[in-house]
Amino acid sequence: MTHDVVPPGGASGLRADRVAREAGGRLVVDGVSLAPPDGATVGLLGPNGSGKSTLLRLLAGVLAPASGVVTLDGRPLADTGRRAVARRIAVVEQHAATQVELTVGDVVRLGRIPHRRAWSAPTAHDERAVREALARTGLTARAGQAWHTLSGGERQRVQIARALAQEPRELLLDEPTNHLDVQHQLDLLSLVAELPVTSVIALHDLNLAAMFCDHLLVLKEGTAYAVGPPDEVITEELIAAVYGVRAVVTPGTGGPDGHLSVRFLRGRAPAADAGRRPAGGP
């Protein structure tokens, strides 16, 4: 049995209701529902190929569901219009690249495109949004620096700034910590968790998910396997069943740094553990 993450605001915000999507003749997302609470940070977990990236693309309106519906404030994304969706939902992909010589400031200004008419000059509000995004991400001094001279962690931070300049209410991030060192992983997720937006983040690292996410949705073979707060979802049984590995999960102790921790053990999980199903969400 699976459970939805249901916000107190009913149909408000971004919601997926039993969405499904096929690729290559198989269901990569199969009847998944998700309704992130307003202002929460929701982590998408699961092995490679479990459907995390596809679910994010469905939430963003980049892909259309084969069945089910994604809504924004109760209205289907398909009926909302691409510009209206872009004004509300910002997306940060795993890898960002450009063949054009752009500065950091140029990249961040791209976030204002959904709010501007074609060929119109930036307004005072546009420039203020860009300045505030640069300041919030600690990039003000880098605004004139060439994009291609930045490290991977710095580029991800610029993409966060670009998304913030978009002034979204919902932020979708696809494995933003991939290829970053530990310090940049912690810095980036700390930044995202403190933003005044609703965030949905695809992650591989269970410890990072426990540290920074309010809610988790665990996918297995395209289905919602478990949903709930990290201390209820991340269990030794779930790790064995979903990832096929053994782990020791130490419960959190409370307080700001009292999140649970996961230590992985050598060897695969026994077949009996791998077949056990967790209790589910809240």
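Biologist: Which residues does Thr198 touch, not counting residues up to four places away in sequence?
Modeller: This is a predicted model. Thr198 lies in strand β8, which covers residues 198-202. Not counting residues up to four places away in sequence, Thr198 touches Pro36, Pro37, Asp38, Gly39, Ala40, Arg169, Glu170 and Leu171.

Biologist: Is Thr198 buried or exposed?
Modeller: The relative accessible area of Thr198 is 6%. Buried means under 20%. Thr198 is therefore buried.

Biologist: How much of the protein chain do buried residues make up?
Modeller: The protein chain has eleven helices and twelve strands. Its length is 282 residues, and the buried share of these is 45%.

Biologist: What share of contacts in the protein chain joins residues at least 24 apart?
Modeller: The contacts considered are those between residues at least 6 apart in sequence. Of these, the share joining residues at least 24 apart is 66%.

Biologist: Which residue in β2 is the bridge partner of Arg21?
Modeller: Strand β1 spans residues 14-23 and runs antiparallel to β2, with six bridges joining the two. For Arg21, the bridge partner in β2 is Val29.

Biologist: Why does Val32 count as buried?
Modeller: Val32 has its place in strand β2. Across the chain, its contacts include Ala16, Asp17, Arg18, Val19, Leu55, Leu217 and Leu219. The cut-off for buried is under 20% relative accessible area. Val32 counts as buried because its value is 1%.

Biologist: What distance separates the C-alpha atoms of Val32 and Arg18?
Modeller: Arg18 is among the residues that Val32 touches. The two are 14 residues apart along the chain, and their C-alpha atoms are separated by 4.6 Å.

Biologist: Are α6 and α7 roughly parallel or roughly antiparallel?
Modeller: The axes of α6 and helix α7 (residues 182-194) come within 10 Å and cross at roughly 10 degrees. Angles under 35 degrees count as roughly parallel. The arrangement of α6 to α7 is therefore roughly parallel.

Biologist: How do the residues of the contact of α6 with α7 divide?
Modeller: From α6 the contact takes Gly153, Gln156, Arg157 and Ile160, and from α7 it takes His184, Asp187, Leu188, Leu191 and Val192. They divide into four nonpolar, three polar and two charged.

Biologist: Which residue just after α1 takes a positive phi?
Modeller: Helix α1 covers residues 52-60 and is mostly covered, with eight of its nine residues buried. Among the buried ones are Lys52, Ser53, Thr54 and Leu55. Just after this helix, a positive phi of about 85 degrees is taken by Gly61.

Methods:
Residues are numbered from 1 along each chain as its sequence is written. This is a predicted model: local features need pLDDT of at least 70, side-chain atom pairs count only at pLDDT 80 or more; totals for chains, interfaces and linings use all residues. Side-chain values use heavy atoms; hydrogens and water are left out. Two strands pair if DSSP finds at least two bridges between them. Helices (H or I, at least four residues) and strands (E, at least two) are DSSP runs, numbered from the N terminus. Axes are lines fitted to C-alpha atoms, for helices over the stretch in contact, and angles run from 0 to 180 degrees between N-to-C directions. Angles under 35 degrees count as roughly parallel, over 145 as roughly antiparallel, 65 to 115 as roughly perpendicular and the rest as oblique. Contact means heavy atoms within 4.5 Å. Ala, Val, Leu, Ile, Met, Phe, Trp, Tyr, Cys and Pro count as nonpolar, Asp, Glu, Lys and Arg as charged, and the others, Gly among them, as polar. Buried means under 20% relative accessible area, exposed over 50%, partly exposed in between (1.4 Å probe, protein chains only).
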